[in-house]
Amino acid sequence: MNKKIVIGQVKSAYGLKGQFKIQTYTEEPSNIFKYGAVLIGENHTGVILNKHKSIKNGFLVSCEQVKSRTDVENIINKNIYIFSNQLPKINTKENTYYHDLMGLTVIDENKNIIGKVISVSNYGSSDIIEIDLKEKKEKILIPFNKNCVDDIDTKNSFIKVKNIEGYME
């Protein structure tokens, strides 16, 4: 399935000629320019971002579809997307894109189903998996590291976790 992946966001206008500031969510900020055509919001497709300069927390850019400050004001706070097929292929045994983890079944060391992954976030110190528990109508957060995640199998749609008893209380 070809999912839309958020890779950045339009933050503000710059000047009167359609330039705007963007924030990137890519691991390496300049990678936002390597994917080719992007989507901005729901209405701008096939957008090629032209980098003018690096700025604090992002870049100053322009594109053919946005020609004036008024045009920019219509896309402020809109997400910048690519399709998952635009991402480089990676070795899924060693690395996984976080969007591929969404919806995977979470099992424990005894292969008991715990729940499903609903998000992967990073609040500053490390990555965290949010799991919607099967038996309870609640969610838990566990660290996304080797101490808690034993195996990821995207082909068979599961994540095997360990050492999470304290998170289940």
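User: In this predicted model, what is the order of the strands in the open sheet of six strands?

Analyst: The model is predicted, and its open sheet of six strands runs in the order β11-β10-β9-β8-β13-β12, with mixed pairing. The strands at the edges are β11 and β12, each of which pairs on one side only. Direction ignored, neighbouring strands of this sheet are turned by 35° against each other on average.

User: Which residue lies over the face of Y81, and with which residue does E42 form a salt bridge?

Analyst: K4 lies over the face of Y81, at 4.5 Å from the ring centre, and K4 is also the salt-bridge partner of E42, with the closest N and O atoms 3.1 Å apart. Since E42 lies in the loop between β3 and β4 while K4 belongs to strand β1 (residues 4–14), this pair ties together parts that are 38 residues apart in sequence. E42 counts as exposed at 57% relative accessibility, whereas K4, at 35%, counts as partly exposed.

User: How many salt bridges does a search of the whole structure find?

Analyst: The search finds four salt bridges. Another of them joins R69 and E73 at 3.5 Å, N to O; both residues lie in helix α1 (residues 69–73), four residues apart, about one turn of the helix. R69 is partly exposed at 33% relative accessibility, and E73 is partly exposed at 46%.

A further salt bridge brings together K162 and D150 at 3.8 Å, N to O, and this pair links distant parts of the chain, with K162 in the segment after β13 (158–161) and D150 in strand β12, twelve residues apart. Salt bridges that share partners join D150, K160 and K162 into one network.

User: What describes a pair of aromatic rings, and how many such pairs are counted here?

Analyst: In general, the distance of the centres and the angle of the planes describe a pair of aromatic rings. The count here comes to two aromatic pairs. In one of them, the rings of F33 and F59 have centres 5.0 Å apart and planes at 80°, so the pair is edge-to-face. F33 lies in the loop between β2 (19–24) and β3 (38–40) and F59 in strand β6 (residues 58–62), so the pair ties together parts that are 26 residues apart in sequence. F33 is partly exposed, with a relative accessible area of 25%, whereas F59 counts as buried at 5%.

Y98 and F144 also form an edge-to-face pair, at 5.6 Å centre to centre and 70° between the planes. Y98 sits in the loop between β7 (79–83) and β8 (105–107), and F144 in the loop between β11 (139–143) and β12 (149–153), 46 residues apart.

User: How many disulfides does a search of the whole structure find?

Analyst: The search finds zero disulfides. As for individual cysteines, C63 is buried, with a relative accessible area of 6%, and C148 is buried, with a relative accessible area of 4%.

Definitions and conventions: Residues are numbered from 1 along each chain as its sequence is written. This is a predicted model: local features need pLDDT of at least 70, side-chain atom pairs count only at pLDDT 80 or more; totals for chains, interfaces and linings use all residues. Side-chain values use heavy atoms; hydrogens and water are left out. Rings of Phe, Tyr and Trp (its six-membered ring) pair if their centres lie within 6.5 Å; planes under 30 degrees apart count as stacked, over 60 as edge-to-face and the rest as tilted. Helices (H or I, at least four residues) and strands (E, at least two) are DSSP runs, numbered from the N terminus. Buried means under 20% relative accessible area, exposed over 50%, partly exposed in between (1.4 Å probe, protein chains only). A charge sits over a ring if NZ of Lys or CZ of Arg is within 6 Å of the ring centre and within 35 degrees of the ring normal. A disulfide is a pair of cysteine sulfur atoms within 2.5 Å. Two strands pair if DSSP finds at least two bridges between them. Axes are lines fitted to C-alpha atoms, for helices over the stretch in contact, and angles run from 0 to 180 degrees between N-to-C directions. A salt bridge is a side-chain nitrogen of Lys or Arg within 4 Å of a carboxyl oxygen of Asp or Glu.
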